[in-house]
Amino acid sequence: MGLARVTRVTRHGRDRILVLNAGSSTLKASLLRPADPTPIAAVTLDWSGDPVERAAAVLEAALAAVGAGDGDASRLIGIGHRVVHGGPDLVRPTVIGVSSLAALHRVVTLAPLHLPPALAIIEAVRGRLPDVRQVACFDTAFHARLPATARRYPVPDAWTADLGIRRYGFHGLSVDWATGRAADLLATDRRRLRVVVAHLGA
């Protein structure tokens with residue numbers, strides 16, 4: 001497990017939000033104050049092996065690195081997870097509970113490289129910090145309102161109805177931020193933009 005980068009800033013105040021992004025190659029963790037986008041601390045850890053098997057150990061390392069472990073965990077008011085896919089039903093930020101976890105397990109085949117690590121981290125958090133509320137934010141949410149003509153592939157109806165084959169749209173959290181930032185820089189309404197957004201990953 002390699003520590004790619006750690007950023008620390010002096011901590012003030014009592015409320016903390018932990019944000020976890022379990023990807024196919026890394027776990028990124030950021031500790032934030034509510035309504036302040038500047039991290040108090042952030043870390044990126046490589047999985048260095050099977051993410052599902054390593055989830056508990058990598059989570060523990062991330063908590064320690066950002067100052068959210070042991071006594072500091074009592075400052076957490078919530079944990080947000082970036083989740084790559086919520087399937088056809090989970091398209092808004094969702095409190096993680098029994099039913100939402102079951103829904104995520106049902107759609108693992110739609111994102112087999114990304115959902116297992118995310119679910120493993122969510123389960124590890126449930127075991128490590130059972131009293132802290134977790135919320136899943138889905139990368140597919142930004143594109144959830146695509147019109148039928150844009151989301152439909154030219155495949156038999158049964159493929160769409162039974163197998164869930166459709167255009168979901170990915171990296172929506174990144175696209176949402178990038179288009180909003182572009183609109184700010186151009187001093188225009190985002191709805192007037194016609195831009196191409198490139199998301200460069202690992």
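Strands S1 (3-8), S2 (16-22), S3 (26-33), S4 (36-46) and S5 (76-83), together with helix H6 (172-186), each give at least two residues to the lining of the largest pocket. Helices (H or I, at least four residues) and strands (E, at least two) are DSSP runs, numbered from the N terminus. The model is a predicted one, in which local features need pLDDT of at least 70 and side-chain atom pairs count only at pLDDT 80 or more, while totals for chains, interfaces and linings use all residues. Residues are numbered from 1 along each chain as its sequence is written, and side-chain values use heavy atoms, with hydrogens and water left out.

A pocket here is an open set of points on a 1 Å grid over the protein atoms alone, where a 1.4 Å probe fits, with protein on both sides within 12 Å along at least five of seven lines; lining residues have an atom within 4 Å of a point. The largest one holds about 1100 Å³ of space, a volume being the space filled by probe spheres set on the points, which are joined across faces, edges and corners. It has 31 lining residues, and Val19, Asn21, Lys28, Arg82 and His199 sit closest to its centre. By class, the lining has twelve nonpolar, 14 polar and five charged residues (Ala, Val, Leu, Ile, Met, Phe, Trp, Tyr, Cys and Pro count as nonpolar, Asp, Glu, Lys and Arg as charged, and the others, Gly among them, as polar).

The second largest pocket comes to about 240 Å³. Among the residues lining this second pocket are Phe142, Asp176, Arg190 and Val195, and its lining splits into three nonpolar, one polar and four charged residues.

Helix H3 (residues 115-128) puts several residues in the buried class, including Leu115, Leu119 and Ile121. Its buried residues pack against S2, S3, helix H1 (51-66), S5, helix H2 (98-106) and strand S7 (134-138). Alanine 158, by contrast, belongs to helix H5 (residues 157-163) and is partly exposed, at 40% relative accessible area.

Notes: Buried < 20%, exposed > 50% of the residue type's maximum accessible area, 1.4 Å probe, protein only. Contact = heavy atoms within 4.5 Å.
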